[in-house]
Structure formats: structure tokens, C-alpha cells
Amino acid sequence: MHTPSPSPSIGFIGLGAMGHPMAARIVSGRYSLAVTDADPARIAECVQETGATACSSPAEVAARSDILITMLPSSAVVKTVLFGSDDALAHLKHGAVILEMSSGVPNMTREFAQLAAERSILMMDAPVSGGVARARSGELAIMVGGPDEGFSNSKPVLQAMGSSIIRTGSIGTAHAMKALNNLVSAGGFLIGIEALLIGQKFGLDPSLMVDVLNVSTGMNNSTQKKFKQFVLSRRFDAGFGLDLMVKDLGIALGVANATDTPVPFAGLCLDLWASAQKVLGRGQDHTAVARFAELLAGIELNDEQSTGAKA
Ligand code: NAD
């Protein structure tokens with residue numbers, strides 16, 4: 001079986017909000033990198049910034065890769081790229097490794113891995129958490145499912161992109177873990193926003209509330225890194241799409257169904273995020289879900305530093 005050289009050639013498909021900075025980290029790690037995307041402008045931007053080699057198709061990237069990374073919107077898109085008309089899989093060398101770093105559907109990933117194994121290609125699911133800022137700094141959390149051989153062959157490349165690399169078990173477990181992480185994140189975001197709305201109506205200042213939460217037990221990633229930065233500022237541009245969050249919540253609920261786990265709270269969480277997507281329209285940042293909660297509450301969160309309860 002072909003074993004990747006000490007400095008394997010890397011291919012990267014999907015140069016979006018996350019893929020572009022992750023690709024830049026790989027080049028900084030002195031790996032040779034070939035890239036492509038469905039959007040030629042994304043390829044041009046990435047090549048200009050990183051010096052990576054531009055390819056016109058996933059198949060061309062695959063032909064140059066010992067390790068092929070996919071960072072795409074969904075498992076459906078990964079399927080098209082690897083097995084559809086692009087048929088990137090057919091162009092990979094035997095013994096190559098696919099790192100499926102998108103947030104995907106565990107059972108689909110397992111099917112892909114099976115098809116890859118039939119051609120002596122190792123597939124790992126390696127989704128990430130940390131958002132665009134940590135993608136840029138190379139400090140992503142990376143969950144990794146799949147065989148040990150694929151992990152040892154790809155670990156140095158993963159370390160170029162992430163600072164916490166965590167093995168989750170067999171193929172598909174990392175995609176399940178990623179969806180469950182986002183379930184917790186989505187729930188924490190929405191309950192926090194609802195608390196701010198209640199507080200503002202009562203006479204509390206939302207900004208002050210965030211300060212209190214952040215030194216109290218109600219603190220979470222959203223109170224620390226999203227509420228002031230992207231909601232109270234009215235910027236709504238964290239870089240992670242609302243559509244992608246709804247997809248991830250659907251995956252988490254799919255895992256719940258497949259495991260016969262009754263999760264009414266999680267179900268309501270998905271319903272609310274999906275309703276926000278319908279009301280606000282597609283293409284929003286995920287932090288814009290706060291605007292949906294504001295619509296329900298009939299007020300807009302303000303950013304005044306007023307203190308003291310009115311009621
Ligand atoms: P994005 O929409 O910004 O980028 C996706 C890229 O894939 C785009 O550049 C698009 O042109 C490209 N693409 C789509 N179809 C393609 C095809 N058939 N062939 C080649 N390229 C194609 O998305 P993103 O925010 O970078 O997220 C990518 C993945 O990472 C998703 O699965 C998402 O859930 C996950 N994720 C995102 C974040 C975040 O903060 N944005 C964090 C963790 C995980």
C-alpha cells in the first residue's frame with residue numbers, strides 16, 4: 001500500500017469562509033498545496049494570498065494529492081465532488097487519505113468511506129470547531145474519526161490547522177460529535193438571547209447583562225464571543241451561516257432519531273432555528289437568529305450602558 005511521503009502533497013476542495021484560511025495554514029506549514037472551488041473567484045483569492053496551485057476541477061486536485069481535504073457545505077456536495085461527475089475519488093492514488101473536514105452526516109460519511117476503501121483509499125471525518133478566527137490562527141478544534149493509519153498519516157497536516165486534535169473513534173463519530181457540539185452551541189446562543197430580551201424588557205441593560213453572565217454560571221461561548229461582537233453591535237457577520245447551523249441541527253436530530261433518543265429540548269431548538277431561516281431568508285449569518293428572537297419579543301436589543309432595573 002502506498003504510504004504518504006514525510007511531506008505529502010495536499011489537495012484542498014472548498015475555499016469558503018473556513019476553507020480559505022485553513023488552506024493558508026497548510027501552506028504556512030510548508031506543504032505543497034493544490035486547490036479548487038466551484039467559484040473561480042475563491043480560487044483566485046486563495047492562490048493570490050497563499051501561492052497554492054490552482055486546479056480547474058476536483059479530479060485535478062485529487063490527481064496531485066497524497067492527502068485530499070474537503071471543506072464543503074454539506075455531505076450532499078461532498079458526494080457530488082467525490083463520486084459524481086467530478087469523480088475525484090477515481091483520480092486518487094491507492095493509499096491516499098481523504099480528510100472530510102466539512103460538517104457532515106455520519107451515516108453518509110460511513111458510506112463514502114466504504115466506497116473509498118474499495119479503492120484502497122482511507123477516509124477520515126475531521127470536522128472542525130472554532131470559526132473563522134481560529135481557522136486563521138491555526139487554533140481550530142479538530143475531531144477525528146476513522147482508522148489509526150489514516151490518523152497517523154494526516155496528523156501533522158491536521159496540526160497545521162488545529163491546536164486541539166481529538167480522536168473520537170471510528171469513521172462517522174467525529175461528524176456526530178460536531179453536530180452535537182453545534183446543538184449545544186445553538187441552544188446556548190438562543191437561550192442567552194432570550195434572557196437578554198427578558199432582561200431588557202425588565203429594565204436591564206443587555207450589555208451589562210453580558211458582562212454579568214461572563215463572570216457567572218450562565219457564561220457560554222456565545223455570551224463571551226458573539227453577543228457584544230455580532231449582536232449588540234448589529235454586525236451579524238461572525239462568518240458562519242444560519243443555513244449551515246440549521247443543517248447541523250438537522251444532523252444532530254438525525255443522530256437522536258437513529259439512536260432512539262427522545263430529545264424534546266433539542267427538537268424545539270431545531271424548530272426555532274429553522275423558523276428563523278424561513279422568516280429571515282437564506283444567506284444570513286447564524287448570529288442573525290437574534291433578530292428572529294427580537295421579532296417574537298417585539299423589541300430590538302439595544303447597546304446602551306444604562307444600569308438599574310426599572311421594574
Ligand atoms: P462557505 O459556504 O463559506 O464555503 C463553502 C465553499 O464550498 C464555497 O467556497 C463554495 O463555492 C464551495 N463549493 C460549493 N459547492 C462546491 C462544489 N461542488 N465543488 C467545489 N466547491 C464547492 O462555508 P464555510 O463556512 O467555509 O463552511 C464549510 C464547512 O465547514 C460546512 O460544512 C460548515 O458547516 C463547516 N463549518 C463552518 C464553520 C464557520 O464558522 N463558517 C465552522 C466550523 C465548521
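Modeller: In helix α9, residues 206-214, the buried residues are Pro206, Ser207, Met209, Val210 and Leu213; buried means under 20% relative accessible area, with a 1.4 Å probe and protein chains only. Helices are DSSP runs of H or I with at least four residues, numbered from the N terminus. Looking down the axis of α9, these buried residues fall within an arc of 155 degrees, so they line one face of the helix; the arc is that of the directions from the helix axis to the C-beta atoms. The buried residues of α9 pack against α8 (173-202), α10 (221-225) and α11 (227-232), where contact means heavy atoms within 4.5 Å.

This is a predicted model, so local features need pLDDT of at least 70 and side-chain atom pairs pLDDT 80 or more, while totals for chains, interfaces and linings use all residues. Residues are numbered from 1 along each chain as its sequence is written, and side-chain values use heavy atoms, without hydrogens or water.

Now to the ligand. It is surrounded by 25 residues, the closest being Ala17, Met18, Asp37, Leu72 and Lys247; a residue counts if one of its heavy atoms lies within 4 Å. Polar contacts are pairs of N or O atoms within 3.5 Å. A polar side-chain atom of Lys247 lies 2.9 Å from a ligand oxygen atom, and a backbone N or O atom of Ala38 is 3.0 Å from a ligand nitrogen atom. The protein covers 85% of the 830 Å² of accessible area that the ligand has on its own, by the Shrake-Rupley method with a 1.4 Å probe.

Technical notes:
Buried means under 20% relative accessible area, exposed over 50%, partly exposed in between (1.4 Å probe, protein chains only). Helices (H or I, at least four residues) and strands (E, at least two) are DSSP runs, numbered from the N terminus. A polar contact is a pair of N or O atoms within 3.5 Å; within protein, one must be able to donate a hydrogen and the other to accept it, and residues adjacent in sequence count only if both atoms are side-chain atoms.
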